[in-house]
Amino acid sequence: MIDAGPTLRDFDAAGFLRDYWQKRPLLIRNAFAHWSNPLEPDELAGLACEPEVESRLVRRTAPGQWELENGPLSPSRFGELGNAPWTLLVQAVDQHIPEVAALIEPFRFIPDWRIDDVMVSYASDGGGVGPHFDQYDVFLVQGLGRRRWRIGQSCDENSPLLPHEDLRLLAEFETMDEWVLEPGDILYVPPGVAHDGEAIGDDCMTYSVGFRAPSRGDLVSAFADHVLDSLSEDDRYTDPDDAAPADPGEISSDALARLHSMVTGALADRDAFSRWFGAYITEQKDDRVDWAPEDPITADNLVSARGGTVVLERNSAFRFAFIRQGEDAVLLFVGGARYACHGAAASVAQRICAKTEFELENETLRDPGVEELIVDLINRGYLAPD
Ligand code: SIN
Ligand code: CO
């Protein structure tokens with residue numbers, strides 16, 4: 001069982017959401033009740049050598065010049081880096097290291113579906129990714145060593161960038177604030193705000209708890225793709241009975257209204273949208289960490305394996321979320337899969353979404369709906385008995 005993980009000290013979440021979230025940066029000094037760096041630099045380097053892990057190496061080859069190498073890196077690469085400041089960045093470390101996944105917990109005053117991942121960086125003295133902005137909110141948690149952060153102007157897609165093939169680096173940077181972060185300090189940066197972090201001394205590790213917000217374009221395109229699957233070629237425009245036009249050259253407002261409602265009507269089903277969105281937003285990019293048992297378990301295995309209770313752990317490679325469906329029913333979504341849960345299974349589904357590790361009592365497990373749900377979740381590798 002992993003520890004409860006870090007908790008924020010004296011943090012006013014309501015005040016933060018009101019005054020800072022998506023509005024302006026905030027430095028939170030000594031943010032945690034107890035801080036201990038959850039990952040060793042060597043473990044991070046090891047992850048960057050794994051083919052299924054997304055990683056990058058950014059080297060500052062000259063003042064104002066950065067070079068990018070995409071992972072996986074060969075272990076020998078770290079011995080060849082020379083004197084140029086460098087930083088290693090590994091994406092979605094929370095999916096591989098439960099202690100890093102535990103870093104998300106203190107930020108759950110924002111719903112889980114908004115969380116993207118925890119990226120971890122390790123930098124040598126002077127290393128950094130250069131001045132940039134991100135489209136998403138991020139909490140930059142200083143894990144080890146020190147980093148100087150500069151906060152700059154608000155940017156958007158028209159902000160001038162340096163000519164670079166691989167990196168989106170800002171051509172201009174107007175420093176508004178500057179802080180040196182120590183282990184356990186957090187800097188919150190809202191979307192679009194320029195920032196630039198540079199390691200002070202070696203062994204600088206930063207954990208970026210990053211959020212995501214779907215763009216309208218992505219939503220429209222993905223939902224429309226989904227709706228298209230259920231549309232028939234025979235579902236076509238039909239003329240009204242009094243189709244004779246006043247002016248044959250005109251596309252009449254009546255025709256436009258009928259055409260437009262064909263489009264909006266196809267996208268208007270709110271329940272269909274909920275069912276689709278839960279699956280879409282919990283979908284997995286790829287199945288990385290396979291927990292599925294070699295021999296599928298049965299309800300009997302689960303019954304005989306348990307004592308008074310069974311402790312179940314969530315596979316941190318998958319996203320979990322639920323949508324309420326009236327009084328005692330929910331739709332549970334795990335890694336893009338959908339489960340319609342009623343009664344006892346609905347409350348178990350909510351418990352699954354509440355905690356990464358939870359206990360189920362004998363009695364609860366005896367409910368047929370719960371048994372069916374839990375057995376399927378285990379056999380698909382979404383959950384495992386502790
Ligand atoms: C870093 O950890 O060096 C970069 C994080 C960020 O700027 O988003
Ligand atoms: Co950034």
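Trainee: What share of the 386 residues in the protein chain is buried?

Mentor: Buried residues make up 42% of them. Keep in mind that this is a predicted model. The protein chain has ten helices and 15 strands, and its C-alpha trace spans about 80 × 70 × 45 Å along the principal axes.

Trainee: What makes His132 count as buried?

Mentor: Set the value against the cut-off. Buried means under 20% relative accessible area, and His132 has 12%, so His132 counts as buried.

Trainee: And how do you know whether Asp134 is buried, exposed or partly exposed?

Mentor: Asp134 has 28% relative accessibility. Exposed would need over 50%, and buried under 20%, so Asp134 is called partly exposed.

Trainee: Let's turn to helix H4. How do you know that its length agrees with what a helix should span?

Mentor: H4 covers residues 216-228, which is 13 residues. The expected span is 1.5 Å times one less than the number of residues, which gives 18 Å here, and the end C-alpha atoms are 18 Å apart, so the two agree.

Trainee: Which residues of H4 are buried?

Mentor: Ala222, Phe223 and Val227 are buried. Seen down the axis of H4, the buried residues fall within an arc of 140°, so they line one face of the helix. That face packs against helix H5 (253-267) and helix H6 (270-282).

Trainee: Now the rings. How many aromatic pairs are found in the whole structure?

Mentor: The search finds 28 aromatic pairs. One of them joins Phe16 and Tyr188.

Trainee: What makes the pair of Phe16 and Tyr188 edge-to-face?

Mentor: Ring centres must lie within 6.5 Å, and planes over 60 degrees apart count as edge-to-face. Here the centres are 5.0 Å apart and the planes stand at 80°, so both conditions hold. Phe16 lies in helix H1 (residues 13-19) and Tyr188 in strand E8 (residues 186-189), so the pair ties together parts 172 residues apart in sequence. Both residues are buried.

Trainee: Why is the pair of Trp21 and Phe139 called stacked?

Mentor: Stacked means planes under 30 degrees apart. The planes of Trp21 and Phe139 are at 15° and their centres 6.2 Å apart, so the pair is stacked. Trp21 sits in the loop between H1 and strand E1 (26-28) and Phe139 in strand E6 (residues 138-154), so parts 118 residues apart in sequence are tied together. Trp21 is buried, with a relative accessible area of 10%, and so is Phe139, at 0%.

Trainee: Which residues do ring pairs link into a cluster?

Mentor: The cluster includes Phe11, Phe16, Tyr20, Trp21, Phe139 and Tyr188.

Trainee: Where does the charged end of Arg24 sit?

Mentor: Over the ring of Tyr20, 5.1 Å from its centre. Likewise, the charged end of Arg314 sits over the ring of Phe320, 4.5 Å from its centre.

Technical notes:
Residues are numbered from 1 along each chain as its sequence is written. Chains are lettered from A and ligands numbered from 1 in the order in which they are written. This is a predicted model: local features need pLDDT of at least 70, side-chain atom pairs count only at pLDDT 80 or more; totals for chains, interfaces and linings use all residues. Side-chain values use heavy atoms; hydrogens and water are left out. Buried means under 20% relative accessible area, exposed over 50%, partly exposed in between (1.4 Å probe, protein chains only). Helices (H or I, at least four residues) and strands (E, at least two) are DSSP runs, numbered from the N terminus. The arc is that of the directions from the helix axis to the C-beta atoms. Contact means heavy atoms within 4.5 Å. Rings of Phe, Tyr and Trp (its six-membered ring) pair if their centres lie within 6.5 Å; planes under 30 degrees apart count as stacked, over 60 as edge-to-face and the rest as tilted. A charge sits over a ring if NZ of Lys or CZ of Arg is within 6 Å of the ring centre and within 35 degrees of the ring normal.
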